[in-house]
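Okay, thanks for making time, everyone. Let me put the structure up, and then I'll talk through it.

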Amino acid sequence: MTAVTTTSAEATIADARERIDTLDDRIIGLVQERMAVSAVVQQTRIASGGRRVHLSREMEILGRYRDALGKPGTALAMTLLELCRGRI
């Protein structure tokens, strides 16, 4: 590999990592927003005499993530659900 190729590769990697960091910041912000919205849903459901967790809705979410991302999507959805409603 020449010095120019190495410098070019390093610059490409640095740019890509910067984009990843920006995307991660956006993802974290969206997860925090999802947690806040989920808290409103749970509080409203409980205040109206319902249960904190709606399992059929959670199954819909799991299916949506699985369909979009494959098996790892299910694990991601489970993590999101746990963050948003706690362990059940």
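I'll start with the overall shape and then go to a few residues.

Quick housekeeping first. This is a predicted model, so to speak of a local feature we need pLDDT of at least 70, side-chain atom pairs count only at pLDDT 80 or more, and totals for chains, interfaces and linings use all residues. Residues are numbered from 1 along each chain as its sequence is written, and side-chain values use heavy atoms, with hydrogens and water left out.

We've got 3 helices and 0 strands, and from the N terminus the order is α-α-α. Helices here are DSSP runs of H or I with at least four residues, strands are runs of E with at least two, and both are numbered from the N terminus.

Now, what is the radius of gyration, and what would a compact globule have? The protein has 19 Å, while a compact globule of 88 residues would be near 12 Å. That is taken over C-alpha atoms, and the globule rule is 2.2 Å times the number of residues to the power 0.38. Along the principal axes, the C-alpha atoms fill a box of roughly 70 × 25 × 15 Å.

Buried residues make up 16% of the 88. Buried means under 20% relative accessible area, exposed means over 50%, and partly exposed is in between, with a 1.4 Å probe and protein chains only. On contacts, meaning heavy atoms within 4.5 Å: take the ones between residues at least 6 apart in sequence, and 50% of those join residues at least 24 apart.

Okay, on to the residues. Ser 38 sits in helix H1, which covers residues 3–47, and Gln 42 is in helix H1 too. Are they buried or exposed? Ser 38 counts as buried because its relative accessibility is 15%, and Gln 42 is buried as well, at 12%.

What do their side chains reach? For Ser 38, the side chain gets to the backbone oxygen of Cys 84 at 3.3 Å. For Gln 42, a polar side-chain atom lies 2.8 Å from the backbone oxygen of Cys 84. A polar contact, by the way, is a pair of N or O atoms within 3.5 Å; within protein, one must be able to donate a hydrogen and the other to accept it, and residues adjacent in sequence count only if both atoms are side-chain atoms. If you skip residues up to four places away in sequence, Gln 42 touches Arg 52, Cys 84 and Arg 85.

Staying in helix H1, there's Ile 28. Ile 28 is partly exposed, with a relative accessible area of 47%. From Ile 28 to Ser 38 is 10 residues in sequence and 15 Å in space, C-alpha to C-alpha.

Last one: Arg 66, over in helix H2, residues 55–69. Arg 66 counts as partly exposed, since its relative accessibility is 42%. Leaving out neighbours within four places in sequence, Arg 66 is in contact with Gly 73 and Thr 74. Ala 77 is 11 residues from Arg 66 along the chain, and their C-alpha atoms are separated by 8.1 Å.

That's it from me, happy to go back to any of these.
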